[in-house]
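Please look over the sequence and the model shown here before reading on. The paragraphs that follow go from the strands to the core, the ligand and the backbone.

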Amino acid sequence: MSPRPTDALIVVDVQNDFCPGGALAVADGDAVVPVVNALARRFANVVLTQDWHPAGHASFASAHPGKAPFETTELAYGTQVLWPDHCVQGTPGAELHAGLEVPHAQLVIRKGWNAGVDSYSAFREADRATRTGLAGYLRERGVERVFVVGLATDYCVGWTAIDARAAGFAAVVIEDACRGIDLGGSLARAWADMAAAGVERVTSAALG
Ligand code: VGL
Ligand code: ZN
């Protein structure tokens, strides 16, 4: 399974706040960096995403009096997990990990900038209606298949891969280039949802 000219690598949210020491640290999150770097060299087309919230974002527990991180609340578009404040626009926590080596990446999609709506997926916001433009970009670039890597497997990676399928792309998640949050069984659920959506699951060795 070698990368083709019609493949793109989508590197999801490899940001300081999702790495050890960050505000919403994913266990072992920074371990994906060397794996992603090695993979990225093999892809001509690379897209990065950046979780990019305004202060006071609706996904922050701090914006909901009486709520604590990792509880849920009901928003207009459905149930929302509440997170610690993270990836606030312009802060060091929102920066891409300094070890990421992807100088040839062509697009950075910033998502979650809408104050009242979260966006795990790089394709559409959590209201499932507002598009980011990524599908149109990939289509205009002639991309047919996306490989998704990064953080976190069960949230932004999983939703991005499933929405890639919904937008008509083939989608492959490279599991050793991802790490999960695993909140209340969310990691197993995400893998099941991805399989049901036709997302392929491989290890980076399969790209060798
Ligand atoms: C993410 C929770 C909140 C992610 C982003 O990148 O998976 N998870 N915001
Ligand atoms: Zn977020």
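Two strands are said to pair if DSSP finds at least two bridges between them. Helices (H or I, at least four residues) and strands (E, at least two) are themselves DSSP runs, numbered from the N terminus. The model is a predicted one, in which local features need pLDDT of at least 70 and side-chain atom pairs count only at pLDDT 80 or more, while totals for chains, interfaces and linings use all residues. Residues are numbered from 1 along each chain as its sequence is written, and chains are lettered from A and ligands numbered from 1 in the order in which they are written.

β1 (residues 7-12) runs parallel to strand β6 (residues 145-151), and six bridges join the two. Asp7 has Arg145 as its bridge partner in β6. β1 also pairs with strand β2 (residues 46-51), again in the parallel sense, over four bridges. In that pairing Ile10 stands opposite Val47 of β2.

Is β1 covered or exposed? Six of its six residues are buried, and the strand is mostly covered. A residue counts as buried if 20 or more other C-beta atoms lie within 10 Å of its own, as exposed if 12 or fewer do, and as partly exposed in between, with C-beta atoms placed from the backbone. In a regular strand the side chains alternate between the two faces of the sheet. In β1, Asp7, Leu9 and Val11 point one way, and Ala8, Ile10 and Val12 the other way.

A nonpolar core is a set of buried Ala, Val, Leu, Ile, Met, Phe, Trp, Tyr and Cys residues joined through C-beta atoms within 7 Å. The largest such core has 55 residues, and those that touch the most other members are Leu9, Val11, Val148 and Val149. Elements giving two or more residues to this core include β1, α1, β2, β6 and α3 (153-166). The largest share, seven residues, comes from α3. Beyond its neighbours within four places in sequence, Val149 is in contact (C-beta atoms, placed from the backbone, within 7 Å) with residues including Leu9, Val11, Val36, Leu39 and Ile174.

Helix α3 is largely enclosed by the rest of the structure, because 12 of its 14 residues are buried. Among the elements that cover the buried residues of α3 are β1, β2, β6, β7 and α4. Just after α3, Gly168 takes a positive phi of about 100°.

Which residues surround ligand 1? They are Asp13, Phe18, Asp51, Trp83, Tyr120, Leu151, Ala152, Tyr155 and Cys156, each with its C-beta atom, placed from the backbone, within 6 Å of the ligand.

Some backbone details remain. Most residues other than glycine have a negative phi, and most peptide bonds are trans. The peptide bond from Leu151 to Ala152 is cis, with omega near -10°, and Ala152 is in the loop between β6 and α3. Asp13, in the loop between β1 and α1, has a positive phi of about 50° without being a glycine. Asp13 counts as buried because it has 30 C-beta neighbours inside 10 Å.

Technical notes
Two residues are in contact if their C-beta atoms, placed from the backbone, lie within 7 Å.
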